[in-house]
Amino acid sequence: HRDLHSFPTRRSSDLKDIAERVGYYNMSSFTRRFKLETGTTPSDYRKMQENRRSPEFSNGLQQRDRKKT
């Protein structure tokens, strides 16, 4: 199986297609292995990555960093 950490986060990639690209043809097996490797499900991982790229998340980090100085 290919490295699960190279998992694309863009919505244009269907989870089933991603699973097959990394060598899983059973979604349950893919989800179980992904969660074992990352601590979260593929869909939750994708949501977390999307939130990290959002302007609200970035602004929150900038404000947090300013408070530390």
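**Whole chain**

Start with a cartoon view: the protein chain has four helices and zero strands. Helices here are DSSP runs of H or I with at least four residues, strands are runs of E with at least two, and both are numbered from the N terminus. Read from the N terminus, the order is α-α-α-α.

This is a predicted model, so local features need pLDDT of at least 70 and side-chain atom pairs count only at pLDDT 80 or more, while totals for chains, interfaces and linings use all residues. Residues are numbered from 1 along each chain as its sequence is written, and side-chain values use heavy atoms, with hydrogens and water left out.

Of the 69 residues, 26% are buried, meaning under 20% relative accessible area; exposed is over 50%, and partly exposed lies in between (1.4 Å probe, protein chains only).

**The core**

Select Ile-18, Ala-19, Val-22, Tyr-24, Phe-30, Phe-34 and Tyr-45. These seven residues form the largest nonpolar core, a set of buried Ala, Val, Leu, Ile, Met, Phe, Trp, Tyr and Cys residues joined through side-chain atoms within 4.5 Å. Helix H1 (15-21) and H2 each give two or more residues to this core.

**The rings**

How many aromatic pairs does a search of the whole structure find? It finds three. Rings of Phe, Tyr and Trp (its six-membered ring) pair if their centres lie within 6.5 Å; planes under 30 degrees apart are stacked, over 60 edge-to-face, and the rest tilted. Zoom in on Phe-34 and Tyr-45: their ring centres are 5.4 Å apart and their planes meet at 75°, so this pair is edge-to-face. The pair links distant parts of the chain, with Phe-34 in helix H2 and Tyr-45 in helix H3, 11 residues apart. Phe-34 is buried at 1% relative accessibility; Tyr-45 is buried at 17%.

**Along H2 and beyond**

Go to the start of H2. There, a side-chain oxygen of Asn-26 comes within 2.9 Å of the backbone nitrogen of Ser-28. After H2 comes Gly-39, with a positive phi near 85°.

Finish at Thr-41, in the loop between helix H2 (27-38) and helix H3 (42-53). The Thr-41 side chain reaches the backbone nitrogen of Asp-44 at 3.2 Å. Beyond neighbours within four places in sequence, Thr-41 contacts Thr-31, Phe-34 and Lys-35 (contact: heavy atoms within 4.5 Å).

Technical notes
A polar contact is a pair of N or O atoms within 3.5 Å; within protein, one must be able to donate a hydrogen and the other to accept it, and residues adjacent in sequence count only if both atoms are side-chain atoms.
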